[in-house]
Amino acid sequence: MATIKEVRAIAQALPEVVETPHFDSSSMRVAGKILCTFTPEGDRIVLKFTPEDQHNLVADDPGALAPVTGAWGRKGWTEARIASLDAIRLESLRRLAWATVAPKRLLKAVRSA
């Protein structure tokens with residue numbers, strides 16, 4: 001099981017990610033775009049995926065992942081229960097969310113490194 005401290009460390013290790021306030025919680029952003037937010041309770045995160053990736057991820061692990069309700073969920077925003085994920089799986093999800101919103105210049109730099 002991952003902790004909120006590990007969640008933050010994983011996100012901050014990705015290129016150009018910064019933590020900024022988001023309503024009553026915080027968010028991780030790259031180039032001004034949100035890749036994830038934290039719930040105020042610290043037990044869940046909300047990640048941005050493409051709708052296709054979201055569908056596949058939720059189908060693979062419905063106990064840990066679920067689309068956010070409403071229009072945001074139909075756009076790929078996905079809730080993850082931190083207690084249901086180990087650090088390796090969480091890092092994989094974070095990297096995918098980062099790749100979903102990162103500018104092409106960063107994606108190219110990471111792929112060529």
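Guide: Two strands count as paired if DSSP finds at least two bridges between them. With that in mind, we can look at this structure, which is a predicted model.

Visitor: In the hairpin of S3 and S4, which glycine takes a positive phi?
Guide: Strands S3 and S4 run antiparallel and are joined by three bridges, and cysteine 36 stands opposite leucine 47 in S4. Five residues lie between the two strands of this hairpin, and the one with a positive phi, near 80 degrees, is glycine 42.

Visitor: Which alanine in the turn between S2 and S3 has a positive phi?
Guide: S2 and S3 also pair in the antiparallel sense, here over four bridges, with methionine 28 standing opposite cysteine 36 in S3. The hairpin they form has two residues between the strands, and a positive phi of about 50 degrees belongs to alanine 31.

Visitor: How many of the six residues of S3 are buried?
Guide: A residue is called buried when its relative accessible area is under 20%. By that cut-off S3 is mostly covered, and the number of its six residues that are buried is five.

Visitor: Which element supplies the largest share of the largest nonpolar core?
Guide: This core has 28 residues, and Val30, Leu35, Ile45, Leu47 and Trp98 touch the most other members. Several elements each supply at least two residues, among them helix H1 (4-12), strand S3 (33-38) and helix H5 (104-112). The largest share, five residues, comes from H4.

Visitor: How far apart are the N and O atoms where the side chains of arginine 44 and glutamate 79 meet?
Guide: Side chains of opposite charge can pair when their charged atoms come close. Arginine 44 in strand S4 and glutamate 79 in strand S6 (residues 77-81) are 35 residues apart, and the pair links distant parts of the chain. Both belong to a network of salt bridges that also includes Glu41 and Asp43. In the salt bridge between arginine 44 and glutamate 79, the distance from N to O is 2.8 Å.

Visitor: How many residues apart in sequence are the parts that arginine 105 and glutamate 16 tie together?
Guide: The side chains of arginine 105 and glutamate 16 meet in a salt bridge, at 3.0 Å from N to O. Because arginine 105 lies in helix H5 and glutamate 16 in the loop between H1 and strand S1 (17-22), the separation of the parts they tie together, in residues, is 89.

Visitor: In which helix do arginine 95 and glutamate 91 both lie?
Guide: Arginine 95 forms a salt bridge with glutamate 91, the closest N and O atoms being 3.0 Å apart. Arginine 95 counts as partly exposed at 45% relative accessibility, and glutamate 91 counts as partly exposed at 31%. The two residues are four places apart, about one turn of the helix in which both lie, helix H4.

Visitor: How far away from arginine 29 is the nearest side chain of opposite charge?
Guide: Arginine 29 lies in strand S2, and its side chain makes polar contacts with the side chains of threonine 20 (2.7 Å) and serine 27 (2.9 Å). A salt bridge would need a side-chain nitrogen of Lys or Arg within 4 Å of a carboxyl oxygen of Asp or Glu. Arginine 29 is buried yet has no salt bridge, and the nearest side chain of opposite charge, that of glutamate 19, is away by 10.0 Å.

Note on methods
Residues numbered from 1 in each chain as written. Predicted model: local features only at pLDDT ≥ 70, side-chain atom pairs only at ≥ 80, totals over all residues. Heavy atoms only, no water. Core = buried A, V, L, I, M, F, W, Y, C linked by side-chain atoms within 4.5 Å. Buried < 20%, exposed > 50% of the residue type's maximum accessible area, 1.4 Å probe, protein only. Lys, Arg positive; Asp, Glu negative; His and termini not counted. Polar contact = N/O pair within 3.5 Å; in protein donor to acceptor, adjacent residues only side chain to side chain.
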